[in-house]
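Please brief me on this chain.

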Amino acid sequence: MCTKDQESLRVKFNSAYYLTKHEKPFTDFPELFAAAKFVNVIGQITRESLNADLAKACYYSILNDGSTDVSTTEQELVYVLFLQDGTPVIKFMGVESPAQADAERITNCHRDLL
């Protein structure tokens with residue numbers, strides 16, 4: 001890949017990261033429409049990496065923390081704890097919005113993320 005193409009990709013990835021990090025809607029930046037595609041690819045690669053790590057783990061533990069947002073919608077942050085080369089690792093799995101904050105629906109959220 002030539003230097004010009006590498007620089008172009010670097011700028012696109014950095015723009016996508018900025019939009020995602022600052023929770024900006026992609027529709028506010030139509031000229032950066034490719035940013036949405038980059039974010040999806042980054043998310044897919046991250047998910048595949050986590051799945052590969054979990055496949056190697058003998059055991060793992062699911063951690064979650066729930067809260068309600070300003071619209072009183074339940075939000076569950078889900079993390080996974082496992083050993084990687086003998087070292088404890090905690091990785092973010094995702095955010096889910098169960099219809100109700102009961103055990104069955106929260107468990108279903110965990111299953112959806114796995």
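Predicted model: local features only at pLDDT ≥ 70, side-chain atom pairs only at ≥ 80, totals over all residues.

Residues are numbered from 1 along each chain as its sequence is written, and side-chain values use heavy atoms, with hydrogens and water left out.

**Confidence**
- The chain averages a pLDDT of 81, where pLDDT is the predictor's confidence in each residue, from 0 to 100.
- A pLDDT of at least 70 is reached by 90% of the residues.
- Among the elements, strand S3 has the highest mean pLDDT, at 88.
- The lowest mean, 78, belongs to helix H3 (residues 103-113).
- Helices (H or I, at least four residues) and strands (E, at least two) are DSSP runs, numbered from the N terminus.

**Strand pairing**
- S2 and S3 run antiparallel, joined by nine bridges; two strands pair if DSSP finds at least two bridges between them.
- The two strands form a hairpin with two residues between them.
- Asp85, in the turn, has a positive phi of about 55°.
- Phe82 stands opposite Val89 in S3.

**Nonpolar surface patch**
- Leu63, Leu77, Tyr79, Ile90, Phe92 and Val95 make up a nonpolar patch on the surface.
- Together they have about 490 Å² of accessible area, by the Shrake-Rupley method with a 1.4 Å probe, where for residues only the protein chains shown count as cover.
- Strand S2 (74-84) and strand S3 (87-96) are the elements that give two or more residues to the patch.
- S3 gives the most, with three residues.
- Patches take residues with over 30% relative accessible area and no salt bridge; like charges are joined within 9 Å, nonpolar side chains (Val, Leu, Ile, Met, Phe, Trp, Tyr) within 5 Å.
- A salt bridge is a side-chain nitrogen of Lys or Arg within 4 Å of a carboxyl oxygen of Asp or Glu.
- Ile90 lies in S3 and is exposed, at 53% relative accessible area.
- Buried means under 20% relative accessible area, exposed over 50%, partly exposed in between (1.4 Å probe, protein chains only).

**Cysteines**
- The structure holds zero disulfides, a disulfide being a pair of cysteine sulfur atoms within 2.5 Å.
- Cys2 is partly exposed, at 42% relative accessibility.
- Cys58 is exposed, at 71%.

**Loop residue Tyr59**
- Tyr59 sits in the loop between helix H2 (34-56) and strand S1 (60-68).
- Tyr59 is exposed, with 71% relative accessibility.
- Its C-alpha atom is separated by 32 Å from that of Thr73, 14 residues apart along the chain.
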